[in-house]
Amino acid sequence: MGVENPAEQAQVLLRTRICNPNFIFTLFSDSPDSNYSKLKYIMSSSVTEACNNSVLLLGPRGCGKVPILELVIKDLLQEYPDTICVIKLNGLLHSDDNCALKEIARQLCMEHHLMFSKMASFDDNSQFVLSMLRECGLAHKTIIFVLDEFDLFTQGKQRLLYSLLDAMQSVTSQAVVIGVSCRLDADQLLEKRVRSRFSHRKLLFLPPSQEDLQKILQYALLLPTESELPPQYVTAYNTKLLNTLSDDKFKDIITSLCDSDSTLNHLLRFLFAAVCHMDAKSGFLSLDNFKTALSSIQRQPKLEALKDCSILELYILVCLRRLEVKEQETTNFNSVMKEYKSVHDSFQTSDYYARNVCLRAFEHLLQRQLISLVDNRGHGQSVEFRPVRLLISSYELHQGLKSYRSCPAILHKLIDRGV
């Protein structure tokens, strides 16, 4: 068996890093102002000082709320192995109060090696959970309740939230309730009686700043000098990578990436795709790898749909766009046909089709959802007379025409000219 190629070893190492949230988010764990440090302080104080706490983790999806929470829980379990019990619920599965309470009882039974009864009623499970909170508090054991999709638990009478937060008012209980939600107004969804028992602590998770972005890129992609990889290869790779990261073209790629989605999850998917495209022969991450990664993760369904359009359908889309630029009040099939005839008469194009053929192409565009009806009124009316709107932007249409191999040159002129 031959010696493994250093480039392949580096690729495996980088992919393992990017897929490991504990590695990525450890970068921010040292800062006292980080959400990791704040959350760990709140949770550890409940363990060490035997007090109750509640906190909401709020922010857009993909900003690291759950990975940071998991990292904190993992560290606390290592520091206090026998004094923490973690109960996890998800609003998508357990938004019903009865179902949620039953799941809490089941997880508590598993944690403490007790028999769980599926036939227990809501009141039985409620009494069991309250007694477990009391017993764990007396034994100086903290129960951490993680409520993912927290906003879904606020639907209905909020009996579960009230029961948990009310039980935490007792001096004998020792618990932490952590809500995770992408809704920034999640605390405003709570009823008055629940809100009065909530501690109103909130941690806001946002997409990384430009400074953090540079730190993440270097932290995730630079190879460690102390590893099994050849030192000369590591030095050459790191030098090449730093040059690429400082290149203005690379910064344009990152700007384009963040314009569509600036979350950390999206960035990690992009880096994983770039590493997968790394050249095995040279063993370096090049600018082309990042360009390929960007195009592979930024799927544009409308552009893909344009590739399957006929020439006639492209003419109809361009005519619709021209009518938009002219700010015509109502646009329907008849007005499109007038514009189509006007283009034909002005440029004497060879691509001129009969009205019934154009109508079938128009209906096909409706099916492909490249155009849509303005409203649902006039169901009995023919499609020819119902107002429509274009569902593809001018930029997307322009890009689609450029990538269409057999697109007539006149369409390029019409779309560049606008009118």
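Within strand 5, Arg-201 is the bridge partner of Val-55, a residue of strand 1. Strands, like helices, are DSSP runs numbered from the N terminus, with at least two residues (E) for a strand and at least four (H or I) for a helix. Strand 1 and strand 5 (residues 201–204) are paired in the parallel sense through 4 bridges, where pairing requires that DSSP find at least two bridges between the strands. Strand 1 also runs parallel to strand 4 (residues 175–181), to which 6 bridges join it. There, Gly-179 of strand 4 is the bridge partner of Leu-56.

The model is predicted: local features need pLDDT of at least 70 and side-chain atom pairs count only at pLDDT 80 or more, whereas totals for chains, interfaces and linings use all residues. Residues are numbered from 1 along each chain as its sequence is written, and side-chain values use heavy atoms, with hydrogens and water left out.

Strand 1 (residues 53–58) is largely enclosed by the rest of the structure, because 6 of its 6 residues are buried. Here buried denotes under 20% relative accessible area, exposed over 50%, and partly exposed the range in between (1.4 Å probe, protein chains only). In a regular strand, side chains alternate between the two faces of the sheet. Asn-53, Val-55 and Leu-57 point one way from strand 1, while Ser-54, Leu-56 and Leu-58 point the other way, and all are buried.

On the scale of the whole chain, the protein is divided into domain 1 (6–16 + 209–298), domain 2 (31–204) and domain 3 (303–417), with bounds from an automatic or database domain assignment. The centres of domain 1 and domain 2, taken over C-alpha atoms, are separated by 38 Å. The unreviewed UniProt entry places the feature "domain: ATPase AAA-type core" at residues 55–201; such annotations may be inferred rather than shown by experiment. The end C-alpha atoms of this span lie 5 Å apart, and the span is 46% helix and 18% strand.

The largest nonpolar core has 60 residues, and Met-43 and Phe-270 have the most contacts inside it. Such a core is a set of buried Ala, Val, Leu, Ile, Met, Phe, Trp, Tyr and Cys residues joined through side-chain atoms within 4.5 Å. Helix 14 (residues 264–276) gives the most to this core, namely 8 residues. Domain 1 and domain 2 each supply at least three residues to this core. Leaving aside residues up to four places away in sequence, Met-43 touches residues including Leu-69, Ile-144 and Val-176, contact meaning heavy atoms within 4.5 Å. A second, separate core of 37 residues includes Leu-317, Met-337, Leu-365 and Ile-371.

Arg-197 lies in the loop between helix 10 (192–195) and strand 5, and Asp-166 in helix 9 (residues 159–167), so the pair ties together parts that are 31 residues apart in sequence. Arg-197 is partly exposed at 25% relative accessibility, as is Asp-166 at 31%.

Another salt bridge connects Glu-339 with Arg-322 (2.7 Å, N to O). This pair links helix 18 (residues 333–347), which holds Glu-339, to helix 17 (residues 311–325), which holds Arg-322.

Conventions. A salt bridge is a side-chain nitrogen of Lys or Arg within 4 Å of a carboxyl oxygen of Asp or Glu.
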